[in-house]
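Trainee: I'd like a close look at one part of this model, namely how the first chain is built and how it sits against its partner. Could you walk me through that in one go?

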Amino acid sequence: MTRPGAVALAIACAAAVAAPFLLKSFGIYLLSLWAVLAVAAIGLNLTLGYAGQISLAQGAFVGIGAYCVALLVPAGVPYPVAFVSAGLLCFAIGWLLGYPALRVQHHYLAFITLAFTTLVFLVLRNEEWLTNGIYGINAIARPTLLGWSTGRPLQFYFFCLGALAVIALAIRWMLRSPWGRAFVALRENPIRALSLGVDTRRYTLIAFALGASLGGLSGALYAPLVQFIEPSSFGLGLSFNLLLMVIVGGSGFFFGPFVGALIAVLLPEWLRIAEGYYLMAYAAGVMALMAFCPSGVLGLIDRASKAIAARRGFGAPTLGIERPQP
Amino acid sequence: MASFIQLLVSGLATGAIYALIAVGFTLLWQASQTINFAQGEFVMLPAFFVLAAMNMGAPFWLAALIGIALSVAILGLLFKLIIVDPILRQGVLPLVISTIALSLFLKESAKDFYSSQAQPFPTLVPAIDVHIFGAVVSTQSLAVLAVAIVTVVALHLLLAKTRLGRSMQATAQNPALAVILGIPVRRMVLLTFLLNAVLVAIASILVSPIYLAKFSNGETLGLAAFLAAIIGGFNQVRGAILGGVILGVLDNLSAAYLSSQYRGAFPLLILIVVILIRPQGLLGRLEERTV
């Protein structure tokens with residue numbers, strides 16, 4: 001990691017820790033939501049940004065994780081166990097969903113995952129004996145961990161932030177291992193990767209399943225955060241939103257999902273004066289970004305810092321972001 | 001039996017509308033590799049153009065023409081020039097993302113500038129029930145079916161029988177060769193976008209009396225169009241027609257005979273099966289790709 005990158009990261013971490021003390025409870029709620037959605041976006045970034053498989057199913061996995069926790073905890077299962085099972089359940093379902101991914105690519109895969117999301121929504125809505133249908137599940141308790149209650153907004157925010165940090169470090173470590181290299185090979189040229197001895201079949205499944213399991217963990221945090229879940233929260237809209245987050249932040253950049261989630265969660269609040277028009281402004285912004293810099297906000301910063309460095313006559317330092325140039 | 005005929009006719013009518021939307025969708029894909037995730041919103045919007053024109057005092061037939069014209073200008077020309085052209089250079093994925101954002105944009109504009117409530121929409125013909133072989137069929141379904149069939153036949157004649165249509169097909173199949181043959185490829189691609197805009201406008205006028213004009217209509221309609229296009233075959237116009245009709249009929253029959261709660265699920269299951277067994281669609285050709 002280069003120096004400007006390290007400084008930016010240190011400032012961001014300090015801000016994430018200090019900010020809630022300056023905010024009222026709604027602000028803290030938004031920050032918690034950011035941390036929760038960032039986990040799901042990191043997962044989608046693994047699938048899309050590193051392994052190159054477009055998925056519109058991440059919202060459904062968040063839903064499965066959320067329902068998993070909301071159903072298991074009242075049944076007497078301790079929260080940490082429910083949390084891990086949400087991840088494992090989504091890993092298994094993601095693995096199964098990965099099989100179609102082996103047969104088809106690109107837009108077909110987008111449609112298969114889109115169909116999956118709609119099916120999950122229908123099951124959540126119709127199977128009332130399990131999910132309570134359109135009435136949803138309310139009064140989901142926040143967990144007490146090792147005698148530390150996370151009931152208050154501030155405490156729950158630090159719980160989410162801690163979970164985000166642990167997950168991010170684990171993924172960072174994984175991406176630097178041979179697995180992560182194999183994912184990138186898969187994205188850049190699957191046939192060449194195969195000819196170089198990468199087991200593309202297995203790695204595609206792993207990429208899909210890992211991405212899905214992070215969606216499940218995100219849902220496991222989401223349920224106690226909002227304390228009320230219903231099927232329509234996990235429809236296609238959420239999947240589209242998560243996809244936009246990853247792309248806007250910069251897909252394939254490690255910190256892309258953090259930035260994308262920040263923009264998607266906080267921008268609507270900043271643009272609150274514009275009332276209903278903020279979504280139009282956001283959508284127009286995304287379209288402009290796609291026209292000028294499809295690698296997202298971090299791609300934009302990366303490009304700018306390279307341009308500045310080139311003018312100064314140095315090499316090309318980056319923000320500590322590893323993305324092989326095509 | 002009578003109820004079966006009823007369901008079949010209304011299913012055919014819905015399917016014909018799906019087919020129109022899906023044909024436009026596949027035309028765009030063939031001509032410029034554009035996967036238009038906003039296609040459903042493209043169908044939602046022209047109804048509001050028509051309503052706006054009628055609010056200004058235009059009679060229905062004039063308002064419908066104005067709606068189609070506005071649709072051609074905005075959803076055809078502007079869409080091509082402002083969104084597709086600059087972004088297609090960046091690749092297919094950015095364009096997919098962009099059309100997802102566009103669908104959000106169109107939905108919000110209809111909501112903020114017109115209304116968030118469902119709006120009643122005039123029917124083509126007065127709704128009278130007709131008795132055929134003991135079944136009760138509404139004239140509305142028959143009118144929808146008639147307009148859709150005429151449109152599809154006209155489209156087929158245009159694409160297969162005229163010089164213009166054959167140039168468009170050549171452009172879709174092999175742009176490089178089409179240029180060598182002296183076909184103005186860029187103009188043909190633009191024409192495809194305009195054609196799509198006409199198709200979605202007609203579909204909008206047909207579907208809005210049934211579903212009412214509402215900003216959120218695009219979600220179901222867009223999904224139906226994707227499903228129809230993929231089930232039938234992404235790269236064939238007649239595939240999209242077949243897919244649309246299958247979907248409409250199946251939707252009505254499964255809701256009546258199997259489960260109305262899961263009516264949305266059957267097309268999705270068929271989609272998954274088709275993609276797994278025959279990814280090119282029922283009538284589609286395999287697309288080869290180079291390494």
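Trainee: To start with, what radius of gyration does chain A have, and what would a compact globule with 326 residues have?

Mentor: Keep in mind that this is a predicted model. Chain A comes out at 20 Å, and a compact globule with 326 residues would be near 20 Å, so the two agree. If you'd rather think in boxes, the C-alpha atoms of chain A fill one of roughly 65 × 50 × 40 Å along the principal axes. Of the 326 residues of chain A, 49% count as buried. Now look at the contacts in chain A with a separation of 6 or more: 75% of them join residues 24 or more positions apart.

Next, zoom in on a pair of helices. In chain A, helix α11 (residues 236-249) packs against helix α14 (residues 296-312) at an angle of about 0°, and their axes are 3 Å apart. Angles under 35 degrees count as roughly parallel, and α11(A) and α14(A) are therefore roughly parallel to each other. On the α11(A) side, the residues that meet the other helix are A:Ile247, A:Val248 and A:Gly249, while α14(A) brings A:Gly296, A:Val297 and A:Leu298. Sorted by type, the residues of this contact are four nonpolar, two polar and no charged.

Stay on the topic of nonpolar residues and go to the core. The largest nonpolar core has 204 residues, and A:Leu244, B:Ala19, B:Ile21 and B:Ala228 have the most contacts inside it. Helix α2 (residues 25-50) of chain A gives the most to this core, with 16 residues.

The contact between the chains takes 29 residues from chain A and 33 residues from chain B. On the chain B side, α3 (60-88), α4 (92-113), α9 (217-232) and α11 (265-277) each supply at least two residues. The one that gives the most there is α4(B), with 14 residues. By type, the side of chain B that touches chain A divides into 24 nonpolar, six polar and three charged residues.

Technical notes. Residues numbered from 1 in each chain as written. Chains lettered and ligands numbered in written order. Predicted model: local features only at pLDDT ≥ 70, side-chain atom pairs only at ≥ 80, totals over all residues. Axes fitted to C-alpha atoms, helices over the stretch in contact; angles between N-to-C directions. Helix = DSSP H or I, 4+ residues; strand = E, 2+ residues; numbered from the N terminus. Parallel < 35°, antiparallel > 145°, perpendicular 65-115°, else oblique. Contact = placed C-beta atoms within 7 Å. Nonpolar A, V, L, I, M, F, W, Y, C, P; charged D, E, K, R; others polar. Rg over C-alpha atoms; globule rule 2.2 N^0.38 Å. Buried ≥ 20, exposed ≤ 12 C-beta atoms within 10 Å, placed from the backbone. Core = buried A, V, L, I, M, F, W, Y, C linked by C-beta atoms within 7 Å.
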